[in-house]
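Dear colleague,

Please find the structure below, together with its sequence. My notes on what was found in it follow.

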Amino acid sequence: MHDAVSLEGQDRATAIIVTTEFLHEAEVQRDALGMAELDPVVITHPLSTLSDEEIGQRAADAAEQAKNIWLGKA
């Protein structure tokens, strides 16, 4: 989160990827760092027990969300 806030502060579009399990914590930290407008990419938790195919699908979902964030369509 700190890196994303730093990059956003340099006018570099950033997408933070978090799982549903950690979304609240990411939002609290983001707000505390003064970057409430930084929308995270959210994927379903967990990741560690997934097959390669399932991880590929999560990556595709994350990529689409990140693209929308970068293009201001979030």
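Is Thr-14 buried or exposed? With a relative accessible area of 9%, Thr-14 is buried (buried means under 20% relative accessible area, exposed over 50%, and partly exposed in between, with a 1.4 Å probe and protein chains only).

Before going further, please note that this is a predicted model, in which local features need pLDDT of at least 70 and side-chain atom pairs count only at pLDDT 80 or more, while totals for chains, interfaces and linings use all residues. Residues are numbered from 1 along each chain as its sequence is written, and side-chain values use heavy atoms, with hydrogens and water left out.

Overall architecture

The chain has three helices and two strands, arranged along the sequence in the pattern α-β-α-β-α. Helices (H or I, at least four residues) and strands (E, at least two) are DSSP runs, numbered from the N terminus. The C-alpha trace spans about 35 × 25 × 20 Å along its principal axes. Of the 74 residues in the chain, 24% are buried. Among contacts (heavy atoms within 4.5 Å) between residues at least 6 apart in sequence, 57% join residues at least 24 apart.

The loop between α1 and β1

Thr-14 is located in the loop between α1 (2-9) and β1 (17-19). A polar atom of the Thr-14 side chain lies 2.9 Å from the backbone oxygen of Arg-12. Apart from neighbours within four places in sequence, Thr-14 is in contact with Ala-4, Leu-7, Glu-8, Leu-38, Ile-69 and Trp-70.

Asp-11 is found in the loop between α1 and β1. Asp-11 is exposed, with a relative accessible area of 74%, and has a positive phi of about 60° although it is not a glycine. Most residues other than glycine have a negative phi, and most peptide bonds are trans. Pro-46 lies in the loop between β2 (41-43) and α3.

Salt bridges

The structure holds two salt bridges, a salt bridge being a side-chain nitrogen of Lys or Arg within 4 Å of a carboxyl oxygen of Asp or Glu. One joins Asp-31 to Arg-30, with the closest N and O atoms 3.0 Å apart. Asp-31 counts as partly exposed at 40% relative accessibility, whereas Arg-30 counts as buried at 10%.

The other joins Glu-64 to Lys-67, with the closest N and O atoms 3.8 Å apart. Glu-64 and Lys-67 are separated by about one helical turn, because they are three residues apart in helix α3 (residues 52-70). Glu-64 is partly exposed, with a relative accessible area of 41%, and Lys-67 counts as partly exposed at 39%.

The cavity

How many cavities of 30 Å³ or more does the structure hold? There is one, and about 30 Å³ of space lies in the largest cavity. Here a cavity is a set of points, on a 1 Å grid over the protein atoms alone, where a 1.4 Å probe fits but cannot get out, and lining residues have an atom within 4 Å of a point. Grid points are joined across faces, edges and corners, and a volume is the space filled by probe spheres set on the points.

The largest cavity is lined by Met-1, Ile-16, Ala-26, Arg-30, Leu-38, Asp-39 and Pro-40. This lining divides into five nonpolar residues, no polar and two charged (Ala, Val, Leu, Ile, Met, Phe, Trp, Tyr, Cys and Pro count as nonpolar, Asp, Glu, Lys and Arg as charged, and the others, Gly among them, as polar).

With kind regards

How values were computed. Polar contact = N/O pair within 3.5 Å; in protein donor to acceptor, adjacent residues only side chain to side chain. 1 Å grid on protein atoms, 1.4 Å probe; cavity = no way out; pocket = protein on both sides within 12 Å on 5 of 7 lines; lining within 4 Å.
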